[in-house]
Amino acid sequence: MITRRHFLRQASASLAAAAFTPALIARAAEESRVKLTPAAEIEERVRKARPLLGGVIPRDLVDRLGTTHYDGHYHLTNQPFIVEGAEKIHELGMNVGKFWLHEDNLPGYGYNSKLKEALGSGRLVDVLKHEEYVAALAVPFKTVMLEVFPLVGSKDSFFEGENTFADEEDQFHEVASYLLKTYAQRDITFILQHWEGDWMLRRAEGGTWGQVPAKEVQRRCDAFIRFLTARQRGVERARKEVKDSRCKVYHATEVNRVWDGAKGLATLTTRVLPHVAVDLVSWSSYDGMNSAVTAWQGVELIRAHMRPSPTFGKNAVYIGEIGKPENEDTKHNIVEWWDRAMGVVFAMNLPWIVHWELYCNEPRKGDKEDRRPRSADEMRGFWFVRPDGTLGYAGEYLTSLLQHAGQRLPEH
C-alpha cells in the first residue's frame, strides 16, 4: 500500500506545482457543482479566528482537539504502551484520543505489552476486551477514534473478486454492540474508521494512478462502496439493538487526496462518497494544509460530494490527521502553520481536529519496522511529545490554546 512518503517520491514536481492554480480550483468547483467560498473571504474569516492574531479560542476545545497514539518509536514509562499513551493524552489536557484496532497485528503497541495474547481469535472485540485496551479506554475521554484496517485478506487482495464484506459487517456490529453495552453509563463517543482511503484505492500506483485503466478504477470504487456500506450497516444494526446507552458509536470513512479530483484523478471524495451514506468523513489533510484557502475549500469539496449524515448533517467532516515534521523546519514556521490550520477549524466550526501524533513514528533513516527506542535526532519530528518528555513546537502551541480556551492568548 502506498504511503505519504512513497507518494511524494513518485509524484512529479510539475504535478505538485500545478496543484492549486486558480484554474484547477475553478475546475474542482465546477465538477463538484458547489460554489466555493472566495479566497479573500476565507483569508479574512480565518485571520479573525487565528489565536496568534487575537482570535478567541473555543471554550470546548478540550473536547475537539486530540492526538493519535500508535507506533511511536520511543516510550517514557514502563507501562503498556497503549496505556502510557492514553494517560499522556489526557494529562496534556485533551479529551480526544485516536488509537489503532487490529484483529491480528498490533506491533505499534509493542513496548511493555502483552497484547499478543488477544490477537489469536481474529475478532476485534477480543482485542478490546484485553486488559490493556480496557485500561486505555478507562481514561475519561469524551471521544475515542479507532483506526481499523480491512479485515479481509491482504492489502493487495482487498479488491479481488466480488467481496460482500460480510465479516466487516459482522465484526463492526460486534464491536459497536460491545462498546454501546460496556460504556452505557458513560458520555463517550466512539468513531470507527479506516486509514487514508485514497491510498487504499491506489494501492502501489501512487503517482501513476492516472494511468490505471478506467475499468479497473471503477472496479475498485465499487468494492470500496460495498466495503463502507457493510461497515456502516454493522454499526447501524448495533445502534438499533442497544437502547438507552449514553455511549455513542459512529462510523467514518477517511479521504486523503481531496485535491487530486481537480486534476482529473479518481478520488474517494468524487467517486465513492456520493454513493454511500456514512456517519462521518475524516480528512487526512496533508494535501490541503498549505494555505487557509485550500484547507477551507477542501472541506467544502468533501461536503459537496458526501451524503449528509442524519446525525451530523453538513458538519460531518473533521480533520482526522494533520501534522508537520518538526526536525525539518523552524519553530516559527511550524507554529505559524498550526495557527493557520486552527484558524480554519475554528472559523468553520469543525467538530474535531486530530494531531499526528503523540510520539513520532517516522525515523529519518533506517528500517521503520526496527522499533528500538530512538532519540530526537533520529526522528523526523511528527510528535506532540519528544523522546526526552518535553513538548514539541506543536505541543507547546496547542497546550497554550487548551490553557486559554474561551479566551484570547494573553500576549495577543
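The model is predicted, and local features are taken at pLDDT of at least 70, side-chain atom pairs only at pLDDT 80 or more, while totals for chains, interfaces and linings use all residues. Residues are numbered from 1 along each chain as its sequence is written, and side-chain values use heavy atoms, with hydrogens and water left out.

**The barrel**

Show β5 (residues 248-255) together with β6 (residues 280-284); these strands run parallel and are joined by 4 bridges. Strands and helices here are DSSP runs numbered from the N terminus (E, at least two residues, for strands; H or I, at least four, for helices). Two strands count as paired if DSSP finds at least two bridges between them. Strands of a sheet pair through backbone hydrogen bonds, either parallel or antiparallel.

Now extend the selection to β1-β2-β3-β4-β5-β6-β7-β8, a closed barrel of 8 strands with parallel pairing. From one strand to the next the twist averages 25 degrees.

**Helices on the sheet**

Select α5 (residues 81-91), which lies across β1 (65-69) and β2 (96-100) and runs at about 165 degrees to β1. Angles run from 0 to 180 degrees between N-to-C directions, and axes are lines fitted to C-alpha atoms, for helices over the stretch in contact. Next take α8 (residues 166-182): this helix packs on the sheet and touches β4 (189-193) and β5, its direction making about 135 degrees with that of β5. Contact means heavy atoms within 4.5 Å.

**A helix pair**

Go to α4 (residues 39-49) and α12 (residues 292-305), whose axes come within 9 Å and cross at roughly 105 degrees. To see the contact, show A39, I42, E43, R45 and V46 of α4 with A292, V293, W296 and Q297 of α12. These residues divide into 6 nonpolar, 1 polar and 2 charged (nonpolar: Ala, Val, Leu, Ile, Met, Phe, Trp, Tyr, Cys and Pro; charged: Asp, Glu, Lys and Arg; polar: the others, Gly among them).

**An enclosed helix**

Select α14 (residues 393-403): 8 of its 11 residues are buried, so the helix is largely enclosed by the rest of the structure. Buried means under 20% relative accessible area, exposed over 50%, partly exposed in between (1.4 Å probe, protein chains only). The buried residues of α14 are A394, G395, Y397, L398, T399, S400, L401 and L402. Their cover includes β1, α13 (331-348) and β8 (353-355).

Most residues other than glycine have a negative phi, and most peptide bonds are trans. In the loop between β8 and α14, find E357; a cis peptide bond joins W356 and E357, with omega about -15 degrees.

Move to N112, in the loop between β2 and α6 (124-128). N112 is not a glycine, but its phi is positive at about 55 degrees; its relative accessible area of 35% makes the residue partly exposed. D244, in the loop between α10 (214-241) and β5, is another non-glycine residue with a positive phi, near 60 degrees. D244 counts as exposed, at 77% relative accessibility.

**Cysteines**

Finish with C221, buried at a relative accessible area of 0%, and C247, also buried at 2%. With a disulfide defined as a pair of cysteine sulfur atoms within 2.5 Å, the count comes to 0 disulfides.
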